[in-house]
Amino acid sequence: MFILHSSDGQSYPITREITSLGRSSENDIVINDNAISRHHLNFFIKNEQIIAEDAGSQNGFLYNGNPRREAIKLKEGDRLSFGRNVYIITSQNFNGVLDFKSKPNKKTAPKNFGSETIEIKGIPQFSNKRILIYGVLGLFILFIALDNGSSKFQATTLNKEEEALAPLPTDGYEEVRQAQPKTQSELIALSRYREAIRDYYNDNYAGAITGLQTALTLNPSNEEARAFLERAETQLKAQIEDLVFYADKAFRLMHYRHAKALSVKALNILTERTPGYIRKIAQENDGLVDNRANSSQEDTLSKLPCEQTQYVDFCKKASEILDRSRSALKEKDVLK
């Protein structure tokens, strides 16, 4: 069992495989905070690990001080910030100290920053006025020394200038040019590769795959892009599998809104990997009001041609959960 501790002194046990949190009384954990959405977070327990995921909230949440929307595995002592409070997740047997203070990301200036004296351990203190006097004397002595040696310096400089004006060998320049992209295609490929890596580390595996495929089309010799593509495809399959698994769990526990949200998310990912179908959704939703657009999108997602997707079984299961959840919520066909 896990416990969610709030900075206002409240504690909320998390014992079920799926636990919902929000302002609405429909949730397992109800928090009366106007800054929290009606359905804000979902917690999942799988293999003795706890996972937190945004449930479609307006403001999302912070994970250890960083904005987060995607699912994340939590460790004991991790901080979640949403609404007006900070929350810490622990196990039931946790005996440590709860630290609700966020850690600063930037170093602060020392306390004596801008003071009139400089204090360093083991070194005598000097006032700014004394330092200024020593600095002026040092510059004066340096000026005299430079003036005495100016004739020798000028003679040496003339020889150096003659050497500097001689043409330089081009071998070094050729080597530098070879290390840089030579064509516009290579520059575009590098840009797509960097964007794809950013998507990969933000858990947007579908976007990462599209970007990596483009990068490899433009520059097939990029072996790092090829390796990341294999890893992204593996992660994408696991991501869709988890979404469908938890959507099915939520439906069997009669958490129909959560089941619908998870199945829609899985189908949206599959849609991104189905050429042309995402354009169809955009065209059908164009000009519709919000509620009607959401209904039209869900209708279109439920009709996704699963045979054209990479994961046919997951697609069919997600479509089935979406239809059954909407029927249970009496949403289907209401706005048609």
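Start with the largest nonpolar core, which has 42 residues; Tyr193, Leu212, Leu236, Ile240, Leu267 and Leu270 touch the most other members. By nonpolar core I mean a set of buried Ala, Val, Leu, Ile, Met, Phe, Trp, Tyr and Cys residues joined through side-chain atoms within 4.5 Å. Buried is under 20% relative accessible area, exposed is over 50%, and partly exposed is in between, with a 1.4 Å probe and protein chains only. At least two residues of this core come from each of α4 (184-201), α5 (205-218), α6 (223-252), α7 (256-272) and α10 (312-328). The largest share, twelve residues, is from α6. Helices (H or I, at least four residues) and strands (E, at least two) are DSSP runs, numbered from the N terminus.

This is a predicted model: local features need pLDDT of at least 70, side-chain atom pairs count only at pLDDT 80 or more, and totals for chains, interfaces and linings use all residues. Residues are numbered from 1 along each chain as its sequence is written, and side-chain values use heavy atoms, with hydrogens and water left out.

Not counting residues up to four places away in sequence, Leu212 touches Tyr193, Ala196, Ile197, Ala225, Phe228, Leu229 and Ala232; contact means heavy atoms within 4.5 Å. There is also a second, separate core of 21 residues, with Leu4, Tyr12, Ala52 and Ile72 among them.

Now the sheet. Six strands form an open sheet in the order β2-β1-β11-β10-β7-β8, paired antiparallel. Two strands pair if DSSP finds at least two bridges between them. Which strands stand at the edges? They are β2 (11-14) and β8 (66-68); each has a single partner strand, so one side of each is left without a neighbour in the sheet. Inside the sheet, β1 (residues 2-6) and β11 (residues 85-91) run antiparallel and are joined by five bridges. Serine 6 has tyrosine 87 as its bridge partner in β11.

Next, asparagine 27, in the loop between β3 (18-22) and β4 (29-30). Is Asn27 buried or exposed? Asn27 is buried, at 6% relative accessible area. Its side chain reaches the backbone oxygen of arginine 38 at 2.7 Å. Beyond its neighbours within four places in sequence, Asn27 is in contact with Ser20, Leu21, Gly22, Arg38, His39 and His258.

Last, aspartate 313, in helix α10. Asp313 counts as exposed, with 63% relative accessibility. The C-alpha atoms of Asp313 and glutamate 241 are 9.9 Å apart, although 72 residues separate them along the chain.

How values were computed:
Polar contact = N/O pair within 3.5 Å; in protein donor to acceptor, adjacent residues only side chain to side chain.
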